[in-house]
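Dear colleague,

I am handing over the structure we spoke about, and my notes on what was found in it follow below. Please read them with the model open beside you.

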Amino acid sequence: MVSVTRTVFGDLPLGAGTVEKFQLQSDLLRVDIISWGCTITALEVKDRQGRASDVVLGFAELEGYLQKQPYFGAVVGRVANRIAKGTFTLDGKEYKLAINNGPNSLHGGLRGFDKVLWTPRVLSNGVQFSRVSPDGEEGYPGELKVWVTYTLDGGELMVNYRAQTNQTTPVNLTNHSYFNLAGQGSPNIYDHEVTIEADAFLPVDETLIPTGEVVPVQGTAFDMRKPVELGKRLQEFHISGFDHNFCLKGSKEKHFCARVHHAGSSRVLEVYTTQPGVQFYTGNFLDGTLKGKSGAVYSKHSGFCLETQNWPDAVNQPHFPPVLLRPGEEYDHTTWFKFSVA
């Protein structure tokens, strides 16, 4: 059984609307999601002793989400990840996007899908959010209708993304939750054991744009096909963290993506998806300036993201999986976050 409770989370400034919170609860999980950016604000999961902890980074109040912050828990789009130099060409026409991350465009621009109020609809086991992204929003072509649906089943949270357009446009949607299976507010994720089901990864240039090469993980820091303890891996290869796309199976069917195990609490997160890639990000840009729930300080490496998605900059790299959505087609992808103890 899943219960869904709807409450007011806060009011946007200048009468711009009311943000609501939807609490989804099963016997194993409790998830809070708000209508601002379809953002997961809390996710409580039990440890082996049956003690529940909130395992996502975020804020207790709406004000936290309205300040400059690194997309905690939000749905990002119209195009997640980076687009080189904020430009792409479609049918001979050049489109220019806002440059908001070094020389590139990141996560949909200055006011992406994470910074808008969505329209909610309560379901028996979850909540569906929808919005219309107008033609030209953040520089993207075409009016895009978008639906994001969160449903809960026992220990599994399912996120489905659907979109339809009236003009050809790139679309790439993901959720940007930062997890710490020891509980949010724990100082780091070094004791997390990570497995990623990927034979290849995308190396990046100094601005974090893929170089275009697809490189086998064999013999590199990126080989996580067998479980790897994160802190040891970072030390062993002298790297300051991960912020890379891992190339998954090309199948549109549900496939295993990643597993993270925290031995101290016995919590396990498994991720399954229909997407061709996952951006594994270890919170490298967190710097301790943001204060989160229960006074938590979010310092470098205090959370990790597994952003299931298409490959970054695919709109400019023709040999990457297709990222364009055309009129008459439907964008339809699903990711499953499955929590358990082991």
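His-176 is found in the loop that runs between strand E16 (174-175) and strand E17 (192-196), where helices (H or I, at least four residues) and strands (E, at least two) are DSSP runs numbered from the N terminus. This is a predicted model, in which local features need pLDDT of at least 70 and side-chain atom pairs count only at pLDDT 80 or more, while totals for chains, interfaces and linings use all residues. Residues are numbered from 1 along each chain as its sequence is written, and side-chain values use heavy atoms, with hydrogens and water left out.

His-176 counts as buried because its relative accessibility is 3%; buried means under 20% relative accessible area, exposed over 50%, and partly exposed in between, with a 1.4 Å probe and protein chains only. Leaving aside neighbours within four places in sequence, His-176 is in contact with residues that include Pro-70, Tyr-71, Phe-72, His-107, Tyr-281, Cys-305 and Glu-307, contact meaning heavy atoms within 4.5 Å.

The UniProt annotation "binding site", from an unreviewed entry, covers Asn-81, Arg-82, His-176, Ser-177, Tyr-178 and Asp-243; UniProt positions are given in the numbering used here, feature names are shortened, and annotations may be inferred rather than shown by experiment. Of these residues, Asn-81, Arg-82, His-176, Tyr-178 and Asp-243 are included in the lining of the largest pocket. A pocket here is an open set of points, on a 1 Å grid over the protein atoms alone, where a 1.4 Å probe fits, with protein on both sides within 12 Å along at least five of seven lines, and lining residues have an atom within 4 Å of a point.

Asn-81 itself sits in the loop between strand E6 (75-76) and strand E7 (82-83), and counts as buried because its relative accessibility is 2%. Apart from neighbours within four places in sequence, Asn-81 is in contact with Ser-105, Leu-106, His-107, Gln-279, Gln-309 and Pro-312.

Turning to the sheet, five strands form an open sheet in the order E19-E18-E21-E24-E25, with antiparallel pairing, two strands being paired if DSSP finds at least two bridges between them. Its edge strands, each pairing on one side only, are E19 (215-216) and E25 (305-309). Strand E18 (residues 200-201) pairs with strand E21 (residues 243-247) in the antiparallel sense over two bridges, and Phe-246 in E21 is the bridge partner of Phe-201.

Asn-310 lies in the loop between E25 and strand E26 (324-325), and counts as buried because its relative accessibility is 5%. A polar atom of the Asn-310 side chain lies 2.9 Å from the backbone oxygen of Pro-322.

Met-1, by contrast, lies in the segment before strand E1 (3-11) and is exposed because its relative accessible area is 91%. Not counting residues up to four places away in sequence, Met-1 touches Gln-25, Ser-26 and Asp-27.

With best wishes

Terms used
Polar contact = N/O pair within 3.5 Å; in protein donor to acceptor, adjacent residues only side chain to side chain.
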